[in-house]
Amino acid sequence: MAPQTKKSGKQAKTTKKFVINAQQPASDKIFDTAAFEKFLQDKIKVEGRTGNLGDTIVIQQAGEGKIEIIAHNELSGRYLKYLTKKFLKKMQLRDWLRVVSTSKGVYELKFFNVVNEDADDDED
């Protein structure tokens, strides 16, 4: 076997764009997107430290109930989903909302479908 040569230089910068869509709960006035944006800015870790965003990660509101995260380094969508769930638990909304990935890099907050079982009891 030929010896492996090490590649010199830095890796190419990767830019990922994530969108968290909370239009439905925000329009019902139960989800505060400004508080969620502040939560993300405080909690996202860069190189093992919170509050170390700098220019590598940009968090901004993009329209009514949408938050856009642009990362110029490695950031996983699962980590954003985890932080979103953590925020919902903190605000005691986890029982009514869930985080669903609608497409690559897009997460949406949806209400749980509640089936009304009382309608069956009224028929008897």
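User: Where is the place of Glu74 in the protein?

Analyst: Happy to start there. Helices (H or I, at least four residues) and strands (E, at least two) are DSSP runs, numbered from the N terminus. Glu74 sits in the loop between E5 and H3. A word on the source: this is a predicted model, where local features need pLDDT of at least 70 and side-chain atom pairs count only at pLDDT 80 or more, while totals for chains, interfaces and linings use all residues. Residues are numbered from 1 along each chain as its sequence is written, and side-chain values use heavy atoms, with hydrogens and water left out.

User: Is Glu74 buried or exposed?

Analyst: Buried means under 20% relative accessible area, exposed over 50%, and partly exposed in between (1.4 Å probe, protein chains only). Glu74 counts as exposed because its relative accessibility is 59%.

User: Which residues does Glu74 touch?

Analyst: Contact means heavy atoms within 4.5 Å. Leaving out residues up to four places away in sequence, Glu74 touches Thr14 and Lys16. Thr15 lies 59 residues from Glu74 in sequence, yet the C-alpha to C-alpha separation is 8.1 Å.

User: How do I read a nonpolar core, and how many residues has the largest one?

Analyst: In soluble globular proteins, nonpolar side chains tend to be buried together. A nonpolar core is a set of buried Ala, Val, Leu, Ile, Met, Phe, Trp, Tyr and Cys residues joined through side-chain atoms within 4.5 Å. Here the largest has 25 residues, and those with the most contacts inside it include Phe31, Leu40, Ile57 and Ile69. Among the elements that each supply at least two residues of this core are strand E1 (16-21), helix H2 (33-43) and helix H3 (77-90). H3 gives the most, with four residues. Ile69 touches, among others, Lys16, Phe18, Leu40 and Leu80, not counting residues up to four places away in sequence.

User: At what angle do the axes of H2 and H3 cross?

Analyst: Axes are lines fitted to C-alpha atoms, for helices over the stretch in contact, and angles run from 0 to 180 degrees between N-to-C directions. The axes of H2 and H3 come within 11 Å and cross at roughly 125°. That makes H2 oblique to H3; angles under 35 degrees count as roughly parallel, over 145 as roughly antiparallel, 65 to 115 as roughly perpendicular and the rest as oblique. The contact includes Phe36 and Leu40 of H2 and Leu83 and Phe87 of H3.

User: How many helices and strands does the protein have?

Analyst: The protein has four helices and seven strands, running β-α-α-β-β-β-β-α-β-β-α from the N terminus.
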